[in-house]
Amino acid sequence: MTERLGLHPLWVLLLMPLAGALVTLSLAPFDFWPAGILSCALYCYLLSTCDSGQALRRGWLFGLGLFGSGASWVYVSIHVYGYASVPLAALLTVLFCAGLALLHALFAWCYVRFVRPLPGGMLLGFAALWVLFEWLRSSLLTGFPWLYLGYAHLDTWLAGWAPVLGVYGLSFITALTGSCLFLAWRRRQWAALAVYTSLVLTLWVGGAALRQVEWVVPAAQQPLTVALYQPNIPQQLKWQRAYYPAILGQFDQALDDMYGYDIVLWPESALPRFYQQARDYLDPVATRMQQEGSTLITGIPFREPGNGSDYFNSIIALGTGEGVYHKQHLVPFGEYVPLEDWLRGLIDFFDLPMSGFTAGPEGQAMLRAGDFRVAPFICYEVVYPELVARAAQRADLLVTISNDSWFGASIGPLQHLQMAQMRALETGRYMLRGTNNGVSAIIDHRGRILVRSAQFEEAIITGEAEVMLGSTPAAGFGTKPVFAGCILLLLLMLVMRHTLWREQK
């Protein structure tokens, strides 16, 4: 049976996943940013005349292409480090991507059923609904704020909008550019082409102009000197008790080159012991750090006294610094197991080392590095724009630590790095990123990587980090204005449909 759009079902079956995969092509490590715009234009085309039932199927196929290409790195965690067989790991990866794709099925259904018929629905409505569903994906259950359209534009003219509207604003402009491209092709009239071109040029040229704005300025004092240690410890060996002395020996050999820097950063769970058990090693290091005027910031599991079986994925500051932060946003299966009583013991993947963490509370205090306030984020947390924006208002510097070894040589770690860059650009703060096996980096307040390590190598990278004064609109107001604007836009379209359009008819 031929689809109403005039395309054979086989073409729809091929084009929808392709449209989703184009989003992945626009992001790291491919960085072909026009692909995200083409994705939205093709998506608009394929949803332009179908009914809501067809939209459900087409949206799911789009989501399958998006997450199947952009998030398939979970296979590495499940198979290589979760010890699941190839068929089982492939099945779990497909289920994961197919489940996430249901959100795009819902998006397509809502768009065709409610938004497309509105005045301006195929132009502004598509972009507004896209952003709202990106937000929904970051909030549902524990959230999966990954593969956003806006991340492709760290280095384009649209980057000027990031300190104002954040990544969601960039996603809106990208989706709107795609819908303008589709509508200009569809109408093929000079007047329509002029309108859509003017709208797109206004947004893109406006972004270019905003890139010249200095939202923050360096503080008067000298920049901080920083050293980031990337130990590149094999994930298969890290949690084996017999390998612990070798880890301490490796850190001992590297330590002499790190003393004397203002901040020394080690990665997530740098030492595979609870802090209370590792103090025999860390206390002398902290004393030497203090003598040298250095702050050591390191990730390490932490057990609060009197909490019984509760333990946390934490980051602590030692030496001239102080403070403890417990991770709030835990990764399912890697750090906690949903439906634990049912799933524990079924397969090795549900029994990964240290997969019983407790989530830390909200509103935790900043870390201190000398006289400076440091906002800490552990691994996955840096991909939450609102969480980082709230903390950045009170921080002089941002620090994120991670152990991307779980994702091997896939595209996942490079996507993760790109998102950390966006947080620095949004908030106008330097970001120090320390990882176990790459990519560790010093990122400036404009999201540019100043120094970076290679992947899968032991390395110490050094450089400077400026303390910035002032705040960006995106850090000050967070993500709420963009969401409120999208909701208001859809409500105005609805009012117009039931007033002006009805009167004209």
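Me: Leaving aside neighbours within four places in sequence, which residues is Asp-396 in contact with?
Reply: This is a predicted model. For Asp-396 the contacts beyond four places are Asp-371, Phe-372, Arg-373, Arg-429, Val-467 and Met-468.

Me: Now a helix residue. Where is Met-289 found, and what does Met-289 contact?
Reply: Take position, then accessibility, then contacts. Met-289 is in helix H11, residues 275-291. Its relative accessible area is 0%, so Met-289 is buried. Beyond four places in sequence, Met-289 is in contact with Leu-255, Tyr-259, Val-264, Ser-294, Leu-296, Gly-319 and Thr-320.

Me: What surrounds Ile-173?
Reply: Ile-173 belongs to helix H7, residues 162-187. With a relative accessibility of 2%, Ile-173 counts as buried. Not counting residues up to four places away, Ile-173 touches Leu-158, Trp-161, Leu-203 and Trp-204.

Me: On to helix pairs. At what angle do H1 and H2 cross?
Reply: Take axis distance and angle together. H1 (residues 9-26) and H2 (residues 34-46) have axes that come within 7 Å and cross at roughly 160 degrees. That makes the two helices roughly antiparallel, since angles over 145 count that way. The crossing of H1 past H2 is left-handed.

Me: Which residues of H1 and H2 meet?
Reply: List each side in turn. H1 brings Leu-15, Met-16, Ala-19, Gly-20, Leu-22, Val-23, Leu-25 and Ser-26; H2 brings Ala-35, Gly-36, Leu-38, Ser-39, Leu-42, Tyr-43 and Leu-46. By class, this contact has 11 nonpolar, 4 polar and no charged residues.

Me: How are H4 and H5 packed?
Reply: H4 (residues 74-81) packs on H5 (residues 86-115) at about 155 degrees, with the axes 9 Å apart. H4 and H5 are therefore roughly antiparallel. H4 passes H5 in a right-handed crossing. Val-74, Tyr-75, Ile-78 and His-79 of H4 meet Val-86, Ala-89, Ala-90, Leu-92, Thr-93 and Phe-96 of H5. The classes are 8 nonpolar, 2 polar and no charged.

Me: And at what angle do the axes of H3 and H5 cross?
Reply: Check the angle against the cut-off before naming the arrangement. The axes of H3 (residues 52-70) and H5 come within 6 Å and cross at roughly 140 degrees. H3 and H5 are therefore oblique. Their crossing is right-handed. Residues meeting here include Trp-60, Phe-62 and Phe-67 in H3, and Leu-100, His-104, Trp-109 and Arg-113 in H5. The contact divides into 17 nonpolar, 5 polar and 1 charged.

Notes:
Residues numbered from 1 in each chain as written. Predicted model: local features only at pLDDT ≥ 70, side-chain atom pairs only at ≥ 80, totals over all residues. Heavy atoms only, no water. Axes fitted to C-alpha atoms, helices over the stretch in contact; angles between N-to-C directions. Helix = DSSP H or I, 4+ residues; strand = E, 2+ residues; numbered from the N terminus. Parallel < 35°, antiparallel > 145°, perpendicular 65-115°, else oblique. Left-handed = near helix turned anticlockwise from the far one by under 90°. Contact = heavy atoms within 4.5 Å. Nonpolar A, V, L, I, M, F, W, Y, C, P; charged D, E, K, R; others polar. Buried < 20%, exposed > 50% of the residue type's maximum accessible area, 1.4 Å probe, protein only.
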